[in-house]
Amino acid sequence: MPFSDPQRDDYRELAAVYDDWQYLYPQPFALSLRPRLVSVLDEFSTPRESYADLGCGTGLLAAWWKQRYPEWHVFGVDRSPAMIERALQTATRSAQKQALMQWGLTTRGLRASSFDEMMAAAEQMQAGGPAPSPPTTSLADSRGSATDITADQPQDQAPSKSGVDFRVQGLDAIDLPEPIGLATCVFDGINHILRVPDLVAAFRSIRSSLAEGGLFVFDLVHEAVFAEAFDGAVVRKGPGLVVTADSIHFTRGDHLFGKTTFAVFREENGAWRRYDAEISERCWRRKEIVEALESAGLSLLRQDDIDPAKEPEFQLPRTFWICRRPLEGSHR
Ligand SMILES: C[S@@+](CC[C@H](N)C(=O)[O-])C[C@H]1O[C@@H](n2cnc3c(N)ncnc32)[C@H](O)[C@@H]1O
């Protein structure tokens, strides 16, 4: 099955609990990258004020971008209809969550409440009123069905709450209504690609989506720690949430792969509900990435290391890549 087949949605179940899992950390991974992305923007010029987060998941980063740079046109692209469906709801949830954090009103303080009840309380407090009584609809009720969304149509039928234009598209088939000045693909998006031809197809499609001179930024799990990262079980717990992630790594030919089996349990209306996912990734070596970028016509401007010893908001050593679509006629 080709990796961009819209029928294959590894995140179909995980989408519903993805943000809750991410907020078990001090902050979601994508939001930890904000200072780096702002620095990229300061250091390198972009030809247009249009931004696309590719493999955007639940859209936290794209929604934040739109909030920080309201004049930019902001797009979010993901092959998972379930993640895009969550992304359409994201802005208010993340804004409320941020507000909740600011007031020090952690989930611990509202242990008995469901996530949506806490969000409703935060919203009410933000508006200056007393916390409302719990909503009568359950989380499960408020969750739509992923089958509502078909490829490339949500922006017409269900506008996002953040003002971001979210679309169901594979990285190898990006089709946006305008050339992009800055594109990102963060939190292992590129590691999710499993074959060299698919990597090259993705980079080509990303190049085509960029304006001339446009930037493309992405991260990878550092190849030196990939095997270690995909080895063994981890359990993370928060109020009303238990996330188990069991990882293995294996080689096929000369290549290293990892697979994580997630089982997430969330307490909903007094009962525990289970969400499953199995996510496969590939350890991309620097040489393979450099060759694929070159073959797709993207210039590598810089590659940095992310070291959790210096930046504790990151759990794992990573590499951070900054590339550009060269101007026509230029050699770089
Ligand atoms: C680990 S999640 C990261 C989501 C988001 N960027 C974040 O930081 O939270 C990886 C995302 O990449 C998406 N993805 C993986 N392969 C993709 C592909 N070939 N095309 C489009 N999206 C893809 C998945 O559906 C998933 O939403």
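Among contacts in the chain between residues at least 6 apart in sequence, 68% join residues at least 24 apart; contact means heavy atoms within 4.5 Å. This is a predicted model, in which local features need pLDDT of at least 70 and side-chain atom pairs count only at pLDDT 80 or more, while totals for chains, interfaces and linings use all residues. Residues are numbered from 1 along each chain as its sequence is written, and side-chain values use heavy atoms, with hydrogens and water left out. The chain has twelve helices and eleven strands. Helices (H or I, at least four residues) and strands (E, at least two) are DSSP runs, numbered from the N terminus. Of the 332 residues in the chain, 51% are buried. Buried means under 20% relative accessible area, exposed over 50%, and partly exposed in between, with a 1.4 Å probe and protein chains only.

**The seven-stranded sheet**

- Seven strands form an open sheet in the order β3-β2-β1-β4-β5-β11-β10, and the pairing is mixed. Two strands count as paired if DSSP finds at least two bridges between them.
- The edge strands are β3 (165–168) and β10 (299–306), and each of them pairs on one side only.
- Neighbouring strands of this sheet are turned against each other by 15 degrees on average, direction ignored. Axes are lines fitted to C-alpha atoms, for helices over the stretch in contact, and angles run from 0 to 180 degrees between N-to-C directions.

- Five of the five residues of strand β1 (residues 50–54) are buried, so β1 is largely enclosed by the rest of the structure.
- Both faces of β1 are covered, with S50, A52 and L54 buried on one side and Y51 and D53 buried on the other.
- Strand β2 (residues 73–78) pairs with β1 in the parallel sense over five bridges. L54 has V77 of β2 as its bridge partner.
- β1 also pairs with β4 in the parallel sense, over three bridges. Here the bridge partner of Y51 is L182 in β4.

**Helix α4**

- A right-handed β-α-β unit is made by β1, α4 and β2. A crossover is right-handed if, with the strands pointing away from the viewer, the path from the first strand over the helix to the second runs clockwise.
- Seven of the nine residues of helix α4 (residues 60–68) are buried, so α4 is largely enclosed by the rest of the structure.
- The buried residues of α4 are L60, L61, A62, A63, W64, W65 and K66.

**Strand β5 and its neighbours**

- Strand β5 (residues 210–221) is mostly covered, with eleven of its twelve residues buried.
- Strand β4 (residues 180–185) pairs with β5 in the parallel sense over five bridges. I180 stands opposite L210 in β5.
- β4, helix α10 (residues 196–209) and β5 make another β-α-β unit, and this unit is right-handed.
- Strand β11 (residues 318–324) pairs with β5 in the antiparallel sense over seven bridges. L215 has R324 of β11 as its bridge partner.
- β10 and β11 also pair in the antiparallel sense, over seven bridges. Q303 stands opposite W321 in β11.

- Helix α12 (residues 286–296) lies across β5, β10 and β11, and runs at about 15 degrees to β11.
- Two packed helices are described by the angle between their axes and the distance between the axes.
- For α10 and α12, the packing angle is about 45 degrees, and the axes are 8 Å apart.
- That makes α10 oblique to α12. Angles under 35 degrees count as roughly parallel, over 145 as roughly antiparallel, 65 to 115 as roughly perpendicular, and the rest as oblique.
- The contact is made by L199, V200, F203, R204 and R207 of α10 together with E288, I289, A292, L293, S295 and A296 of α12.
- α10 passes α12 in a right-handed crossing. A crossing is left-handed if the near helix is turned anticlockwise from the far one by less than a right angle, and right-handed if clockwise.

**The four-stranded sheet**

- Four strands form an open sheet in the order β6-β7-β8-β9, with antiparallel pairing.
- β6 (232–238) and β9 (271–282) stand at the edges with a single partner strand each, so one side of each is left without a neighbour in the sheet.
- From one strand to the next, the twist averages 15 degrees.
- Strand β7 (residues 241–252) and strand β8 (residues 255–268) pair in the antiparallel sense over twelve bridges. The bridge partner of A245 is F262 in β8.
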